[in-house]
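Subject: Structure handover

Hello,

Here is the structure I promised. Please open it next to this email and follow along.

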Amino acid sequence: MIKDTEEQPDEEVHEERSRRVPSVGASVLELKATTHSDLILRATKLGISYRVIHNASIMNAVGCCGLQLYKFGETVSIVFWTDTWRPESFFDKVKKNRENGMHTLCLLDIKVKEQSLENLIKGRKIYEPPRYMSVNQAAQQLLEIVQNQRIRGEEPAVTEKTLCVGLARVGAEDQKVAAGTLQQMCAVDLGGPLHSLIITGDSMHPLEMEMLSLFSIPENSSESC
Ligand SMILES: C[S@@+](CC[C@H](N)C(=O)[O-])C[C@H]1O[C@@H](n2cnc3c(N)ncnc32)[C@H](O)[C@@H]1O
């Protein structure tokens with residue numbers, strides 16, 4: 001059985017084959033990303049049969065907040081910015097989704113098994129503590145992009161007031177969902193990882209609005225970033 005992994009080197013697939021494992025199972029996946037197709041294509045080329053056992057994924061579990069899944073556009077990933085690398089290009093997809101009245105699911109960066117530059121250069125297998133992007137961090141980066149667009153004289157597709165949904169540990173007993181403005185997402189406390197953020201489209205079904213009202217952040221909560 002091949003585990004749910006996004007980075008399965010060829011050697012591992014070969015190894016499974018040499019052990020005469022009869023099937024490759026993408027065990028806890030939806031078949032939704034190129035990495036999953038890649039796994040199947042490589043297994044097929046090596047003559048390894050496979051069976052997919054479908055499972056829940058954040059891609060459909062986000063429906064727990066009441067937004068309708070068929071109203072989601074392209075999913076984006078928000079990465080941790082560094083001093084020298086602050087990508088904004090994913091924002092074009094958010095813009096396109098909003099122009100089409102679609103919601104955007106933002107998957108938030110995970111950094112595990114990262115080496116510091118020094119340890120990397122010295123070949124030391126010492127890893128930094130894992131980091132998981134929170135909804136607060138994602139919202140702060142998004143607001144910075146909004147400001148940058150204003151400085152460039154562009155009309156941002158998202159503003160401080162855009163309705164968003166923060167989700168944490170979806171599926172766990174202590175899952176948290178909070179609906180509020182992008183500004184409020186900077187300060188909302190959702191607890192530990194994993195987090196995801198939804199930027200809503202403008203045209204919402206009344207039932208979606210009613211569902212989100214179950215999770216609204218109180219008006220008087222802190223809005224500072
Ligand atoms: C590589 S992606 C998704 C992988 C996973 N196999 C899936 O489809 O659910 C990882 C990101 O999905 C989001 N995510 C995954 N599980 C989550 C959960 N239970 N609650 C909130 N967000 C989650 C987080 O943004 C996380 O950084």
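Below are my notes, grouped by topic.

Please keep in mind that this is a predicted model.

**The strand β9**

I would begin with strand β9, residues 195–199. Five of its five residues are buried, so the strand is largely enclosed by the rest of the structure. Both faces are covered. His195, Leu197 and Ile199 lie on one side, and Ser196 and Ile198 lie on the other.

Which strands pair with β9? One is β4, residues 104–108. β4 and β9 run antiparallel and are joined by four bridges. In this pairing, cysteine 106 stands opposite leucine 197. β7 also pairs with β9 in the antiparallel sense, over five bridges. There, valine 165 stands opposite isoleucine 198.

**The annotated site**

An unreviewed UniProt entry lists Ser57, Ile58, Leu108, Val170 and His195 under "binding site". These residues are spread over 139 residues of sequence, yet they cluster in space. The largest C-alpha distance is 14.4 Å.

Two of the listed positions are worth a look on screen.

- Serine 57 sits in the loop between β2 (49–54) and α3 (58–61). Its relative accessible area is 10%. The cut-off for buried is under 20%, so serine 57 counts as buried.
- Valine 170 sits in the loop between β7 and β8 (176–181). Its relative accessible area is 25%, so valine 170 is partly exposed. Leaving aside residues up to four places away in sequence, valine 170 touches Ile58, Ala61, Cys64 and Gln175. Ile58 is itself one of the residues in the UniProt list.

**Salt bridges**

How many salt bridges does a search of the whole structure find? The count is 13. Three of them are described here.

- Glutamate 88 bridges to arginine 152, with the closest N and O atoms 3.2 Å apart. This pair links distant parts of the chain, 64 residues apart. Glutamate 88 is in the loop between β3 (76–78) and α4 (91–99). Arginine 152 is in the loop between α6 (135–151) and β7 (163–168). Arginine 152 has 46% relative accessibility, so it counts as partly exposed. Glu88 and Arg152 also belong to a salt-bridge network that includes Glu154.
- Lysine 111 bridges to aspartate 109, with the closest N and O atoms 3.3 Å apart. Lysine 111 is at 21%, so it is partly exposed.
- Glutamate 118 and lysine 122 meet through their side chains, at 3.0 Å from N to O. Glutamate 118 has 46% relative accessibility and counts as partly exposed.

**A nonpolar patch**

Finally, the surface. Which residues make the nonpolar patch? They are Ile110, Val112, Tyr132 and Leu194. The patch covers about 350 Å². Valine 112 lies in the loop between β5 (110–111) and α5 (117–121). At 43% relative accessibility, valine 112 counts as partly exposed.

**Where to look**

Then view the network of Glu88, Arg152 and Glu154. End at the patch around Val112 and Tyr132.

Best wishes

Notes:
Residues are numbered from 1 along each chain as its sequence is written. This is a predicted model: local features need pLDDT of at least 70, side-chain atom pairs count only at pLDDT 80 or more; totals for chains, interfaces and linings use all residues. Side-chain values use heavy atoms; hydrogens and water are left out. A salt bridge is a side-chain nitrogen of Lys or Arg within 4 Å of a carboxyl oxygen of Asp or Glu. Helices (H or I, at least four residues) and strands (E, at least two) are DSSP runs, numbered from the N terminus. Buried means under 20% relative accessible area, exposed over 50%, partly exposed in between (1.4 Å probe, protein chains only). Patches are made of residues with over 30% relative accessible area and no salt bridge: like charges are joined within 9 Å, nonpolar side chains (Val, Leu, Ile, Met, Phe, Trp, Tyr) within 5 Å. Accessible areas come from the Shrake-Rupley method with a 1.4 Å probe; for residues, only the protein chains shown count as cover. Two strands pair if DSSP finds at least two bridges between them. UniProt positions are given in the numbering used here, feature names are shortened, and annotations may be inferred rather than shown by experiment. Contact means heavy atoms within 4.5 Å.
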